[in-house]
Amino acid sequence: MTDKSKLGFYLLLMPLMLWLITLIVLPHIGLFMVSISEKIGVREYETGLGNYAVFFNEPLYWRTFARTAFMSIFTTILTLVLGFPVAYYIAKLTRGRTKTTLFLMCLIPFWVSELVRTFGWMILLRETGVLSNFLQYTGVIGGPVEFLYNDGAIMVGLVYTSILFMIVPLVTTLDSLDDSLIEAGYDLGGTGYSIMREIVIPHAMPGIVSGCIVVFMLSLGNYLTPILLGGKDSLWFTGLIYTQFITRFNWELGSAFGFLLLALSSTIVFLGLKLSRQSLTETMGR
Amino acid sequence: MTTPADLVCKDLTKDFDDFRAVDQVSFEVPQGSFFSILGPSGCGKTTLLRMIAGFQFPTSGDLLIKGKSMIDVGPSKRPVSMVFQHLALFPMMNIGKNVGFGLRQRGVPASEIKTRVGRVLERVGLPGIEDRQVDQLSGGQKQRVAIARCMVLEPDVLLLDEPLGALDLKLREHMKIELKSLQAEFNTTFVYITHDQSEALVMSDNIAVMNKGRFDQIGTAKELYYEPANAFVAGFVGDANKFSGKVMGIDGQRVTVTTNGGAELSAQAMHGTPSIGADAQIFVRPEAIALSKTAPTDNPNTIPRIVDSVLFNGANSMVLLREPQSGETLQVTLPQTGDLLGLGKGDTVFADWDPAQARCFATEGT
Amino acid sequence: MIPTIPQTNVLKWSYRAYVTLFFIYLALPLTVVCVFAFNDSVFPSLPWEGFTMAWFFGTEAPFIGVFNERSIMRAIGTSAFVAMWVAGLAVFVGTCNAFLFVRHDFRGKGFLYILMLLPLIIPGVILGISILVFASSVANTLEDATNMWFDGLRPGLLLVILGQFSFITTFATLVISARLQKFDPSLEEAALNLGASKWGAVRQVTLPFLFPAIMGAGVVAVLMSFENFNTTLMLVGSDSPLTITMFDKLKHGSTPVLNAVSLLLMIISAALGLLALLFQRSKE
């Protein structure tokens with residue numbers, strides 16, 4: 001390398017390092033440091049795992065944590081099961097214009113703020129909402145029914161918010177599957193089921209993994225949907241973090257919560273990649 | 001030579017981490033000539049060309065253009081232009097902008113750029129296409145625009161990196177003739193690299209055959225074809241039948257070899273005679289072999305052979321012959337005349353050639 | 001399975017019905033939001049009281065339209081300000097990153113690349129609180145050391161911009177890198193060969209080639225910034241962007257003015273989306 005191109009290299013490296021170090025690496029180290037410091041007086045702290053102990057000793061906290069994790073996993077599975085047929089339809093059963101149109105229609109929710117989407121579900125599901133009125137009109141139910149403020153409503157909202165992040169990578173990978181492979185499978189005597197299992201799904205695996213990771217992450221870190229669609233006692237872990245940080249101003253406990261959430265999401269992402277033998281670079285870097 | 005050579009390379013060498021791509025290559029290209037570097041892929045010819053263009057720095061050796069060393073001159077300052085393998089026409093500019101690019105870099109006034117671009121496009125036979133986009137042109141037109149883009153800068157040397165590789169066969173044949181006439185028209189020194197021997201043979205004044213980073217031979221097309229310097233050149237330039245065997249007898253330049261299959265053949269030794277018992281290879285051009293249905297008298301290479309298959313291709317028809325004992329095959333040009341016209345599979349014919357037209361080389365590496 | 005393989009009609013039609021149902025599910029909430037923006041009632045719910053444009057242009061309480069609602073107009077301005085900065089920064093850093101990762105080989109490249117991807121898998125809330133905590137501790141240290149105020153590092157627009165920038169840059173990097181990877185390096189060499197300087201070749205040949213991706217990344221960055229909620233929520237100060245303002249209003253009971261804002265947002269998004277699509281098109 002000549003001196004001049006070396007200079008160019010360092011000039012290019014600078015913004016990247018500045019970004020990663022000041023906005024990603026140091027803040028997370030800082031978060032960890034705060035999470036292991038306990039307040040013992042005014043502006044007096046000492047290092048210890050007390051905040052984590054609080055978490056494990058208070059059932060409300062760890063139950064919310066577990067609940068958030070399980071519901072996120074459930075959302076991920078539901079999104080995959082609901083989204084796969086649609087992605088397959090778009091990728092394999094449509095051509096040309098129709099395909100582009102359907103694909104773009106899947107992207108529409110992305111162009112609209114999550115807040116607006118959630119607001120839409122509130123209008124639909126509330127007691128005086130469209131669904132309740134519609135069912136009364138058709139005579140299925142006798143009086144107004146509240147569909148909002150329960151776990152079902154949260155699921156509907158979460159799936160809605162994240163399904164396009166499942167469909168887009170699935171369509172991309174399924175699109176790259178050559179039709180003649182499926183034809184060859186039939187030609188060799190395969191059934192619909194065996195071809196799905198042995199040809200289509202293995203081929204779509206990178207898309208499935210990256211879709212699942214993104215959906216899981218988005219659900220886990222979601223704040224709006226559970227707060228607005230969930231009931232008073234359907235807690236979500238991000239809500240606890242918000243409360244500690246903004247309402248209670250207990251940053252030490254809040255940081256510990258944040259770190260636990262980060263650890264959970266990293267573990268699940270790591271396990272997902274390991275189990276499917278994918279790498280982060282391939283899955284996310286597309 | 002009265003005029004100094006346009007391009008001179010002296011012991012040019014390029015080492016990469018684990019191998020030597022170009023190994024002490026020396027050559028001179030006189031002004032206004034068409035010089036080709038011919039070699040199989042991976043022989044180092046692209047590296048050599050990129051060193052001349054300035055995209056790679058030689059490990060050692062010197063490179064002179066019009067007598068001036070170019071070693072410390074950056075690619076944008078060298079008086080050489082390059083036609084890239086895939087032409088590298090800028091897709092975001094129209095043809096006029098493409099051709100005028102180099103002039104704009106030199107700060108030539110816009111009005112002059114316009115006239116010079118117009119003139120050069122006229123010279124390559126594409127007048128008035130300045131406003132077209134790159135993707136509106138055919139393959140042959142793109143080729144000419146790429147050459148115009150270089151020629152408008154009036155370079156001392158034009159480098160061409162297998163520019164015909166991407167074209168289909170018919171267009172390639174046509175562009176060979178076109179390139180040669182463009183070169184005559186501009187009277188600029190062309191350095192052309194290719195792995196296609198027919199491109200090199202048709203167009204070049206001089207050809208260098210490159211193998212494993214070295215120049216095996218530099219000469220005119222005729223010299224390479226009829227007097228190859230070694231076994232590689234004999235095998236690479238033109239079609240040839242090749243036999244391997246052991247030297248059994250030497251009579252002046254005449255060598256007798258018994259092939260591995262047991263046939264006894266004679267050939268002319270080139271560049272020093274091999275010793276008796278040494279491994280040697282014999283090369284015979286398909287068109288140097290005469291066929292007859294009756295045995296010719298006292299020719300040392302006459303062996304009766306059986307027709308394996310007839311490959312009809314008009315004037316370029318060939319016949320594949322098999323020697324019954326050794327199983328060695330021989331490819332022979334089949335004249336579409338006389339009693340050979342009806343030759344069919346299984347017939348027996350006599351193939352013979354003048355030993356002076358066959359070449360014998362000691363096998364390398366033994 | 002695929003069109004060339006025959007299927008029974010029942011299967012074919014039930015598959016189609018499912019896909020149709022799915023798209024209805026997708027469109028339903030957005031449709032009701034739009035429709036109720038025109039309901040002549042103070043609640044965005046049934047019964048339908050008639051068509052009105054009051055929620056856009058109304059001036060009398062309770063029918064104060066979007067264009068006359070000071071807080072919302074100010075929030076839109078704040079959001080636009082934040083989005084412009086985020087998009088500008090993200091595209092600049094993203095372009096540098098693309099050149100770095102596509103053009104250079106260096107030790108630790110793989111590690112840095114993974115680090116660059118990390119913001120994609122860090123939940124937005126965590127990104128927000130980590131930057132909040134870090135900025136505050138930096139501010140505390142500086143204030144203790146200098147006895148001056150460093151309000152910029154307290155929750156506010158600067159932190160919101162940095163927080164959004166921290167993950168949107170990853171998207172910009174990926175989009176621009178993908179385009180740069182398709183660039184034929186011999187184009188740049190051709191420019192050098194024709195006498196351009198190194199920077200001249202990048203400016204005249206490579207950057208024009210990247211332009212569609214750069215614009216596309218910019219539009220996506222503006223949209224993501226406009227829509228971002230999780231990271232912003234943790235970093236916001238007194239000037240709140242649109243999503244935060246709407247969230248506050250929503251918590252205190254909603255009027256159709258929120259529907260009207262939402263509809264406007266959708267129109268802006270659709271326009272930006274089309275713009276991004278046009279840039280993608282011009283790539284081909």
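View 1. Helices (H or I, at least four residues) and strands (E, at least two) are DSSP runs, numbered from the N terminus. Thr13(B) has Ser60(B) of S4(B) as its bridge partner. S4(B) is also joined by two bridges to strand S5 (residues 68–69) of chain B, in an antiparallel arrangement, and here Leu64(B) has Ser69(B) of S5(B) as its bridge partner. Two residues lie between the strands in the hairpin of S4(B) and S5(B), and Lys66(B) takes a positive phi near 50° there.

Residues are numbered from 1 along each chain as its sequence is written, while chains are lettered from A and ligands numbered from 1 in the order in which they are written. Because the model is predicted, local features need pLDDT of at least 70 and side-chain atom pairs count only at pLDDT 80 or more, whereas totals for chains, interfaces and linings use all residues.

**View 2. Packing of helices H2 and H4 of chain B.** Helix H2 (residues 95–105) of chain B packs with helix H4 (residues 139–151) of chain B at an angle of about 35°, their axes being 7 Å apart; axes are lines fitted to C-alpha atoms, for helices over the stretch in contact, and angles run from 0 to 180 degrees between N-to-C directions. On the H2(B) side the contact is made by Ile95(B), Asn98(B), Val99(B), Phe101(B) and Gly102(B), and on the H4(B) side by Val145(B), Ala148(B) and Arg149(B), contact meaning that the C-beta atoms of two residues, placed from the backbone, lie within 7 Å. These residues divide into five nonpolar, two polar and one charged, with Ala, Val, Leu, Ile, Met, Phe, Trp, Tyr, Cys and Pro counted as nonpolar, Asp, Glu, Lys and Arg as charged, and the others, Gly among them, as polar.

**View 3. Helix H6 of chain C.** The end C-alpha atoms of helix H6 (residues 157–181) of chain C are 35 Å apart, which agrees with the 36 Å that its 25 residues should span at 1.5 Å a residue, the expected span being 1.5 Å times one less than the number of residues. H6(C) bends by about 35° at Ser166(C), the bend being the angle between axes fitted to the seven residues ending there and the seven starting there. Because 18 of its 25 residues are buried, H6(C) is largely enclosed by the rest of the structure; a residue is buried if 20 or more other C-beta atoms, placed from the backbone, lie within 10 Å of its own.

**View 4. Surroundings of Val82(C).** Val82(C), found in helix H3 (residues 70–103) of chain C, is buried, with 25 other C-beta atoms within 10 Å. Leaving aside neighbours within four places in sequence, Val82(C) is in contact with Leu157(C), Val160(C), Ile161(C), Gln164(C), Ser225(C) and Pro241(C).

**View 5. The side of chain A that touches chain C.** Here 68 residues of chain A are in contact with 68 residues of chain C. Helix H1 (residues 3–35) of chain A gives the largest share of the chain A side, 15 residues, and that side divides into 46 nonpolar, 16 polar and six charged residues.

How values were computed:
Buried ≥ 20, exposed ≤ 12 C-beta atoms within 10 Å, placed from the backbone. Pairing = 2+ DSSP bridges.
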